[in-house]
There are 2 protein chains.
Amino acid sequence: MSQEDSIKEKETIIIKAARKRFAHYGFSKVTMDEIAGDVEMGKASLYYYFPTKEDLFRAVILQEQNELKKNIELILEKPNCASEKLQEFVEQRMKFFRILLNLGTLSVHSYFDIKSLFKKLFFDFEEVELNFIKKIIDEGKTKKEFSQDLPEDAALIFLHILQGLRCRVLRWTKGQSLDEDTHTKLQQEMKTATDFFIYGIKSK
Amino acid sequence: MSQEDSIKEKETIIIKAARKRFAHYGFSKVTMDEIAGDVEMGKASLYYYFPTKEDLFRAVILQEQNELKKNIELILEKPNCASEKLQEFVEQRMKFFRILLNLGTLSVHSYFDIKSLFKKLFFDFEEVELNFIKKIIDEGKTKKEFSQDLPEDAALIFLHILQGLRCRVLRWTKGQSLDEDTHTKLQQEMKTATDFFIYGIKSK
């Protein structure tokens, strides 16, 4: 094994352990000592791979984002119509947010820390999502499934609608995780909003 | 003048003065002393009408909400089609939020105070807005402008989409007021999202 592979392997083990702990206790309650213990590593060694808990958390989130990215790329390959692809994308996205909530936001107090931690990751991933939506819409247009004269920013508006629906639900929670019931309602709302959007862009 | 009318008149004068001050300096920077000075009233008299600054602020917001309510009721009376009414509603709503922003949220630090102050007012007003959207949608259905088999919760989803678009823009501001540019963009986004929604519910 090359040195690079060995580092990669160690990182993977650490990220897996950290993910488990964050999911159980939330970002703010987990210490680097505990994670070092989980992977039977000295704290100094752990810090070699991840200088701060924030770095480790970012790596966990990045991994989840890559997972989502893989899943949504699979959607594109499917033989489904564009409308179905859009709905599947929304479902995958909701699953991802459920994971995020479990990972980091069980503790109220860490909300603002997490917000700024997430900020760059979120903005980068927004681009990925936006390109994905654009691709589906283009596919729908090519196949005459969607109207030919959609505004340039249709994909952006759709992404913003999805982001907004989630935002308004999280609005009063101040970082506490959503309960089962609220999550299910939000999921249903995203689905209905997507239906309306699809009807709105379909060829008439 | 009856005693009741006299009280009402005093309250109106105080609310007008308070509104002006909040709009200039933001909720958190205004003192009751200053408002008492503006209306040439002793502080004790002012407290007779409004026991706390929060009460006064609520009265100012309530007045703005009543103003919006009157304006959207006028929309219902117009001969326009239901789609146009929905668009006009969205415009009125945006104007209202611009006023709200100017009134209360110029100061970052007061954000959470204001949030809880607003909470009940907002939830109550949500009902007003929801009923208004329902009325327009029903009108559109009666006139065969909108599809006959819309889901029960179409009005609610639409309101949530509007709320969400605003929420995601305010997300990172932490109570600072929106700049001109962001406000214009948000307005445009609401308009486009409303267009999509309308296309989505129109009779096919």
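Student: How many cavities of 30 Å³ or more does the count come to?
Tutor: Keep in mind that this is a predicted model. Rolling a probe the size of a water molecule over the atoms shows where empty space is left. With the cut-off at 30 Å³ or more, the count of cavities is three.

Student: Which elements give two or more residues to the lining of the second largest cavity?
Tutor: That cavity holds about 60 Å³ of space. Its lining is made up of A:I161, A:A193, A:F196 and A:F197, plus B:I161, B:A193, B:F196 and B:F197. The elements giving two or more of these residues are α8 (180-201) of chain A and α8 (180-201) of chain B.

Student: By class, what does the lining of the second largest cavity have?
Tutor: Look at the names again: Ile, Ala and Phe from chains A and B, and Ile, Ala and Phe each count as nonpolar. So the tally has no polar and no charged residues, and the nonpolar ones number eight.

Student: How many salt bridges does the rule find across the interface of chain B and chain A?
Tutor: There's contact to search through, with 29 residues of chain B touching 29 of chain A. About 2,800 Å² is buried between the two chains, 76% of it from carbon and sulfur atoms. Six residue pairs are in polar contact there (both at pLDDT 80 or more), but the number of salt bridges is zero.

Student: Which element gives the most to the side of chain B that touches chain A?
Tutor: At least two residues each come from α6 (111-142), α7 (154-170) and α8 of chain B. With nine residues, the top contributor is α7(B).

How values were computed
Residues numbered from 1 in each chain as written. Chains lettered and ligands numbered in written order. Predicted model: local features only at pLDDT ≥ 70, side-chain atom pairs only at ≥ 80, totals over all residues. Heavy atoms only, no water. 1 Å grid on protein atoms, 1.4 Å probe; cavity = no way out; pocket = protein on both sides within 12 Å on 5 of 7 lines; lining within 4 Å. Points joined across faces, edges and corners; volume = space filled by probe spheres on them. Helix = DSSP H or I, 4+ residues; strand = E, 2+ residues; numbered from the N terminus. Contact = heavy atoms within 4.5 Å. Buried area = accessible area lost by both parts, 1.4 Å probe. Salt bridge = Lys/Arg side-chain N within 4 Å of Asp/Glu carboxyl O. Polar contact = N/O pair within 3.5 Å; in protein donor to acceptor, adjacent residues only side chain to side chain.
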